[in-house]
Amino acid sequence: MDSRYPSIEMLADRAKKRMPGFAYDYLTGGCFSDINVARNTQDIRAIQLRPNYLRDFNGASQTTHLFGKTYDAPFGIAPVGLQGLMWPKSCEILAQAAKQHNVPFCLSTVGTSSIETIAEITKGDFWFQLYHPTQNQLRDQLLERAAQAGCKTLVLLADTPTFAYRPKEIRNGLSIPPQMTLRNILQIAGHPRWALEQLLAGQPEFKTMKPYIPDGLNMQHLGLFMDKTFSGRLTEDKIKAIRDQWQGNLVIKGIVNPDDAEIAIRLGVDGLIVSNHGGRQLDSGESTIKPLTALAEKYSDTVTLMMDGGIRSGADVASTLASGAKFTFLGRAPMFGACALGAEGGNQVLEILKRQLQQVMEQVGCEQITDLPKHLITQTMG
């Protein structure tokens, strides 16, 4: 581990210095006033754990069993769109780190690496998050590619029924590549390392979607094409069709409402990821830890409950697991690592998280991940 940057906050500070402003805004920003981005982390950090100091303790293990596979830690790398715009090849960097550390990597439909490339890096050990297309033919093609590449876990995204209003992205004219306004040109000129890395890596593209995008579209028309291709809600009929077709694990991400959880469980999903899209879709919504706690009380023995959103440290992972999650995912934190340290950034983040989580478990006297709920001080959740 690089001792100059031993925390996610320090990596975020370095990343900000190495990235053009429009790229950093995209990584850190939410919708409207960024209220729910901050609330996610604040509410996790309101949680308190109770230590046991006078009991026998045989050491702490982070080994986690999930969907028939054993992972070395109870967290994975969440899907993030446009990764290559924030730092060149960051999607591949993080997939490689996840494989090395034996934790799951989840690829977004709108990531900047293809299903096949990530499958090669991870030896087929990856998850794929599907933005449900408006056309069933495209859905079927994407599912077939994921299955052929070895993907065993499919994540259906439920929390993007409409495109969010994100003021920073509107101001920055965010696209791939970014619009060359004078403001953006000056930002790029002030970050020559980023510009050089982009030049060497080539223009970032929606690599998984590239076979379906008509040739010769300018940026405006590409945006319209993507909007048209992925507009619409995830419905019961859509979930049923995929459950019938997909032979692997099926997870729905973006569940915060018990009514939605009931529907998903009835339709036969294997897992739910409690998420609010990192605070990027609904500024007035709950933080993710609040609905997780409520859902865990009712459904923890029925379906595999996971969570992402707001997790920035190993202590945050511990608090989330103590609150009822069986597994956690992080999106921004690994990206801070890639943007701060390039090829070594993914390893840095995963090593930080593992060391921090290990310290918390040893401090409170928790030997197994599944025992963390025993250390939760429940009254702190109100």
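On a 1 Å grid over the protein atoms alone, a pocket is an open set of points where a 1.4 Å probe fits, with protein on both sides within 12 Å along at least five of seven lines; lining residues have an atom within 4 Å of a point. The model is predicted: local features need pLDDT of at least 70, side-chain atom pairs count only at pLDDT 80 or more, and totals for chains, interfaces and linings use all residues. Residues are numbered from 1 along each chain as its sequence is written, and side-chain values use heavy atoms, with hydrogens and water left out.

**Exercise 1.** Describe the second largest pocket by its volume and its lining.

Solution. 
- Step 1. The volume, the space filled by probe spheres set on the grid points, is about 640 Å³.
- Step 2. The lining has 24 residues, and Ala158, Asp159, Pro161, Gly254 and Asp260 lie nearest the centre of the pocket.
- Step 3. Helices are DSSP runs (H or I, at least four residues), and strands are runs of E of at least two, numbered from the N terminus. The largest share, three residues, belongs to α13.
- Step 4. By class, the lining holds ten nonpolar, nine polar and five charged residues. Here Asp, Glu, Lys and Arg are charged; Ala, Val, Leu, Ile, Met, Phe, Trp, Tyr, Cys and Pro are nonpolar; the others, Gly among them, are polar.

**Exercise 2.** Classify the ring pair of Phe22 and Trp194, then that of Phe32 and Tyr165.

Solution. 
- Step 1. Rings of Phe, Tyr and Trp (its six-membered ring) pair if their centres lie within 6.5 Å; planes under 30 degrees apart are stacked, over 60 edge-to-face, and the rest tilted. The structure holds seven aromatic pairs.
- Step 2. For Phe22 and Trp194 the centres are 5.9 Å apart and the planes at 85°, so the pair is edge-to-face. Phe22 is in α2 (residues 21–28) and Trp194 in α10 (residues 192–201), 172 residues apart. Both Phe22 and Trp194 are buried (under 20% relative accessible area; exposed is over 50%, partly exposed in between; 1.4 Å probe, protein chains only).
- Step 3. For Phe32 and Tyr165 the centres are 6.0 Å apart and the planes at 90°, so this pair is edge-to-face. Phe32 and Tyr165 are both exposed.

**Exercise 3.** Which backbone oxygen lies 2.8 Å from a polar side-chain atom of Thr41?

Solution. 
- Step 1. Thr41 is in helix α3 and is buried, with a relative accessible area of 13%.
- Step 2. The backbone oxygen is that of Gly310.

Note on methods:
A polar contact is a pair of N or O atoms within 3.5 Å; within protein, one must be able to donate a hydrogen and the other to accept it, and residues adjacent in sequence count only if both atoms are side-chain atoms.
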